[in-house]
Structures are given as structure tokens and as C-alpha cells.
Amino acid sequence: MQRPFFVVATQNPVEYEGTYPLPEAQLDRFTMRLSIGYPPLADEARMLVEQTTDTPLDSLEPVTTGAEVAELVAHAKAVYVEESVNRYIVALLQHTRRDPRLYLGGSPRAGIALLRVAKARALADGRDFVSPDYVKAVAAPVLAHRLILAPETRAAGTTAAEVVEEALARTPVPV
């Protein structure tokens, strides 16, 4: 595939018939997992009209070019990261690896993804450096889907996102 490209995958949590959960190694290759939920009533009502009269996809126009996306990626790569922020990310990962509620904690690939997304978030905010706040802001969507809960943790109703939030609360933030 020609660069830049990205993959968007969807999951329907209701219909699992004929599908199987992805293995940990494959889940770890997805940068982040977002849940968008249902739209507000007014937006959903507008969707009904749009999708049954004049399909919006027929008039969809690009908002950027591949070259512009590649330029943004280069800018994100250049965002400065102090060594203490790198160590903070590793400390978060280590916290998940030691957590007895997890069968599997965050991998090195998870740390790379966390730093990349934190850099992109900083760039989107007009910053040229990553602060721990950017790491915190993106930690749950980047890490939670990669963590494998122990069976008793899952049975207790604890979510991976809650484990990530606790790891953030317990890991000292560099100053």
C-alpha cells in the first residue's frame, strides 16, 4: 500500500457468531481503541434523513492530501520528548506488568504507540514538546485494549481502562 495509509477496523460487540476475539499479539498492533457510542438524538434523526435521501458519501470531498498527512507525521516525529517522560511511560508499562489483576500487561510496542499518540496530541494542541499530561490524556485508548485481564478481574467487573487509570494514579509523574 502506498504511504500514508491507516486501517480503521470496527467491532460489533453484539454479534460474535462466526467471529473470534483477536489474539493478544494482533490486538497489540492496533494503535488505539475508541468507543464512539450512539449519537445524540438530533444527530441520529438527521442521519436518517441523510442516509435515505442523498447519501453523504456520494458528495464526500478530501480535506487533505497524502503529502500533507506525511508532513504532519514528520512534524509529530519531531515533537520533543524529555527523557523523564520516556521513563514515565516505561514506569506505566511496568506498573501494568506487575498488576496481579492482569494476565498480560503493556508491551514495548504499547509504549511506542503511547509515545507516538502523545506526540500527535501535543502537535494537535500546537505544542512542540510532550508533557506527562499528554501521556495521561491518551493512555486509556492506547493501552486498555492491549491489556489482558485475569479471569477473576473480568468476573469482578473491572475494566482494563480502570486498571490504566489506576496505573496513572499510582505512577509518579516527572516534574
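Is Asp-43 buried, partly exposed or exposed? Asp-43 is partly exposed, because its relative accessible area is 29%. The cut-offs are simple: buried means under 20% relative accessible area, exposed means over 50%, and partly exposed lies in between (1.4 Å probe, protein chains only).

The model is predicted, so local features need pLDDT of at least 70 and side-chain atom pairs count only at pLDDT 80 or more, while totals for chains, interfaces and linings use all residues. Residues are numbered from 1 along each chain as its sequence is written, and side-chain values use heavy atoms, with hydrogens and water left out.

Start with the charges. A search of the whole structure finds seven salt bridges. In a salt bridge, a side-chain nitrogen of Lys or Arg lies within 4 Å of a carboxyl oxygen of Asp or Glu.

Now look at helix α2, residues 41-52. Helices are DSSP runs (H or I, at least four residues), as are strands (E, at least two), and they are numbered from the N terminus. Arg-46 forms a salt bridge with Asp-43, and their closest N and O atoms are 3.1 Å apart. Both residues lie in α2, three residues apart, about one turn of the helix. Arg-46 also meets Glu-50 in a salt bridge, at 3.3 Å from N to O. Why are Glu-50 and Arg-46 separated by about one helical turn? They are four residues apart in helix α2. Arg-46 counts as partly exposed, at 45% relative accessibility. Glu-50 is partly exposed too, at 31%.

Next, find Arg-101. Arg-101 forms a salt bridge with Asp-99, with the closest N and O atoms 2.7 Å apart. Asp-99 is buried, because its relative accessible area is 6%. Arg-101 is partly exposed, with 22%. A network of salt bridges links Asp-99, Arg-101, Glu-166 and Arg-170.

The axes of α4 (residues 83-98) and α6 (residues 132-143) come within 11 Å and cross at roughly 35°. Axes are lines fitted to C-alpha atoms, for helices over the stretch in contact, and angles run from 0 to 180 degrees between N-to-C directions. Which residues meet here? From α4 come Val-85, Tyr-88, Ile-89, Leu-92 and Leu-93, and they meet Pro-132, Val-135, Lys-136 and Leu-143 of α6. Contact means heavy atoms within 4.5 Å. By class, this contact of α4 with α6 has eight nonpolar, no polar and one charged residues. Ala, Val, Leu, Ile, Met, Phe, Trp, Tyr, Cys and Pro count as nonpolar, Asp, Glu, Lys and Arg as charged, and the others, Gly among them, as polar.
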